[in-house]
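Me: Please take a close look at the charged side chains of this protein. Tell me where they sit and how they pair.

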Amino acid sequence: RRQVLETSQQLTEIINSQASDETSKPREDAEMADDDEESASHCLWVDRFTPRRYTELLSDDYTNRCLLKWLKLWDTVVFGKEKPVKKVKPTAEAHPPLKQPKEQQNKWKSKVQLTEEILEAELDQYKRPKNKAALLCGPPGLGKTTLAHVIAKHAGYNVVEMNASDDRSPEAFKTRIEAATQMKSVLGADEKPNCLIIDEIDGAPTASINVLLNIINRKEAEAEVAPGVGRRRRREGGLLLRPIICICNDQ
């Protein structure tokens, strides 16, 4: 009888403690739910459910691959990675294909293969891609800015975004571009190279577009320091060694 009484008393204490925990949990859950509702009410759905990874992108897969392929062409200059050499199959070496007209060869190639050949066709003497800037165009809400941010982070870059329609003066436009493409990111211990994203490039004045073109087409000779005019040449800036992604609505 004494053992039964002790056991029943222990069970009663356990039941009471569980009941008190269950009554306190709804209060905590209600308080947390209120906080979540307040934070959710101040957060847009496009921000809450925006893609964070490459696999979460819902935009056109062909466009995603082309932009990532172009961005990876900068790995040799930016990260010092050598470009992987494609291995030729032994069957192709033993039996070389018949020479066909160029039009007929391109006829049987897919759209992706043609794009890859265009992107990898020419690398300049500094091992940069032929096209120094990429242009994403399309109507608002298509996901252009999200695509640029996700792919830049996926490729290992620190994203620096600027709005071309905000800086109306060419001097300020040039200063921001050179600061983003020539200075290193110092955010945190893990320093990543910058990838510049210029939004609303169609709203920039013609003078700013000319400044951007001059930076993109700048040669190494212009960046070298000459005797007697060293300061002036240094102010002009160096060679463009970082990718630039431009975004516009009206191509």
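Reply:
**Charged side chains**

D250 lies in the segment that follows strand 4 (244–248). Helices (H or I, at least four residues) and strands (E, at least two) are DSSP runs, numbered from the N terminus. The model is predicted: local features need pLDDT of at least 70, side-chain atom pairs count only at pLDDT 80 or more, and totals for chains, interfaces and linings use all residues. Residues are numbered from 1 along each chain as its sequence is written, and side-chain values use heavy atoms, with hydrogens and water left out.

D250 is exposed, at 60% relative accessible area. Here exposed means over 50%, buried under 20%, and partly exposed in between (1.4 Å probe, protein chains only). Together with D166, E200 and D202, D250 forms a negative surface patch. Patch residues have over 30% relative accessible area and no salt bridge; like charges are joined within 9 Å, nonpolar side chains (Val, Leu, Ile, Met, Phe, Trp, Tyr) within 5 Å. Asp and Glu count as negative, Lys and Arg as positive; His and the chain ends are not counted. Each charge is placed at CG of Asp, CD of Glu, NZ of Lys or CZ of Arg. Areas come from the Shrake-Rupley method with a 1.4 Å probe; for residues, only the protein chains shown count as cover.

Now the pairs. Side chains of opposite charge can pair when their charged atoms come close. The structure holds 3 salt bridges, each defined as a side-chain nitrogen of Lys or Arg within 4 Å of a carboxyl oxygen of Asp or Glu.

One joins D61 to R65, with the closest N and O atoms 2.9 Å apart. Both residues lie in helix 3, 4 residues apart, about one turn of the helix. D61 is partly exposed, at 41% relative accessible area.

Another joins K72 and D75, with 3.0 Å between the closest N and O atoms.

R218 is buried, with a relative accessible area of 7%. E178 is buried too, at 14%.
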